[in-house]
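Subject: Structure handover

Hello,

Here is the structure I promised to pass on. Please open it first, then read my notes below.

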Amino acid sequence: MKFDIVSRGDHRSNNIKATMKQYLTDFDLEYSEEEPDLVISIGGDGTFLEAFHRYMHRLSETAFIGVHTGHLGFYADWMLDEVEKLIIEIAKTPFQVVEYPILEVIIRSKTGGEEDRYLALNEATIKTAEGSVVFDVEIKGEHFETFRGDGLCISTPSGSTAYNKALGGAILHPSIEAVQITEMASINNRVFRTIGSPMILPKHHTCVLRPIVDRSFLLAIDHFTETYTNVKSIQCRVAKEKIRFARFRPFPFWNRVRDSFVREGDRTRMDD
Ligand code: NAP
Ligand code: MN
């Protein structure tokens, strides 16, 4: 089996990377940055997002696992004191795989040319640096509303605990293949009216945003942002690809939610 390790780059994460790399190669596993079967992210959830984007082109071959060197993470859910156990588990391969849905975003330009396609593990947000965004929101090919406000966030189930949560969105279990749309400060008056509630779209229900006013848009995909001008449409839906997590022990989603947001102090496990 081939593996790669992506470190946040701080001293502690780099040390753990060096240790894991040494042990795993001693166990006859091969270090490969080109074609890893397993990618180990060491740092925080941000590091995990980076690892995901680095290997986005081979999601069907690569599985991911995250070790956190800060506080408990959602993707980085192995703790430092478990690293030894994790190394042994990895060396024993094969491992179980758990798949989570991700988001596909396609940007089409008014000037034609090729479309841009992105995959997001957490979410896509569409905002502007110049005032508010104004676009028609279409769901499943039908006009739904005309949105005016700071922007929209379209999140995955596993991203529902990130930006989406701060916007009042629901936390969605990742076994549900869906995307969630949440509003950022929509303007509601006699002219503009939006639904106001977060909406959850099932697989195959595509949401298309069509800008009405010509502005430049800030499209954020997970941890990076692109600026777009002359946008004809922004299409969002559940991607056909999925992220695959290497699973070496159970740590159910709701336990991670509880331990991150509700329970103080040490992490303990609930029985499934
Ligand atoms: P960051 O500013 O470090 O991220 C903000 C926080 O979100 C960090 O504590 C990060 O954990 C955490 N996080 C990331 N993914 C998560 C998830 N799926 N569930 C729960 N928490 C999560 O920037 P970053 O590390 O590059 O992460 C980018 C993400 O930040 C975006 O995808 C977006 O979801 C989030 N964000 C949130 C807000 C907000 O809540 N108002 C605003 C902008 C962006 P780590 O510290 O372990 O990295
Ligand atoms: Mn971060």
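Start with ligand 1. The residues of its shell divide into five nonpolar, nine polar and three charged. Please keep in mind that this is a predicted model. In total, 17 residues surround ligand 1. The closest are Gly44, Gly46, Ala162, Ala166 and His223.

Where does the shell come from? Helix H2 (45–54) and helix H4 (163–166) each supply at least two of the shell residues. H2 gives the largest share, three residues. Both domains take part: domain 1 (2–95 + 248–262) and domain 2 (102–239) each contribute at least three residues to the shell around ligand 1.

Next, the annotated positions. An unreviewed UniProt entry lists Asp45, Gly46, Asn122, Glu123, Arg148, Asp150 and Ala185 under "binding site". These positions span 141 residues in sequence, and the farthest two C-alpha atoms are 31.1 Å apart, so they do not all gather at one spot.

Asparagine 122 sits in the loop between strand E6 (116–120) and strand E7 (123–127). Is asparagine 122 buried or exposed? It counts as buried, because it has 28 C-beta neighbours inside 10 Å and the cut-off for buried is 20 or more.

Strand E1 (residues 2–7) is mostly covered, with five of its six residues buried. E1 has a parallel pairing with strand E2 (residues 30–31), over two bridges. There, lysine 2 has glutamate 30 in E2 as its bridge partner. Together, E1, helix H1 (residues 11–26) and E2 form a β-α-β unit, and this unit is right-handed.

E1 also pairs with strand E3 (residues 38–43), again in the parallel sense. How many bridges join E1 and E3? There are five. Isoleucine 5 stands opposite isoleucine 40 in E3.

Then look at strand E15 (residues 231–247). Strand E5 (residues 96–109) runs antiparallel to E15, and 13 bridges join the two. In this pairing, serine 109 has valine 231 of E15 as its bridge partner. Strand E12 (residues 207–211) pairs with E15 as well, antiparallel and over three bridges. Here the partner of leucine 209 is isoleucine 234 in E15.

Most residues other than glycine have a negative phi. Two residues here go the other way:

- Lysine 140 is not a glycine, yet its phi is positive, at about 50 degrees. Lysine 140 lies in the loop between strand E8 (133–139) and strand E9 (142–155). Lysine 140 is exposed, because 12 other C-beta atoms lie within 10 Å and the cut-off for exposed is 12 or fewer.
- Histidine 204 also has a positive phi, of about 75 degrees, without being a glycine. Histidine 204 is found in the loop between strand E11 (199–202) and E12. With 9 other C-beta atoms within 10 Å, histidine 204 is exposed.

Then go to E1, which pairs with E2 and with E3. Finish at E15, which pairs with E5 and with E12.

Best wishes

Methods
Residues numbered from 1 in each chain as written. Chains lettered and ligands numbered in written order. Predicted model: local features only at pLDDT ≥ 70, side-chain atom pairs only at ≥ 80, totals over all residues. Helix = DSSP H or I, 4+ residues; strand = E, 2+ residues; numbered from the N terminus. Pairing = 2+ DSSP bridges. Right-handed = clockwise from strand over helix to strand, strands pointing away. Near = placed C-beta within 6 Å. Nonpolar A, V, L, I, M, F, W, Y, C, P; charged D, E, K, R; others polar. Domains from an automatic or database assignment. UniProt positions renumbered as here; feature names shortened; annotations may be inferred.
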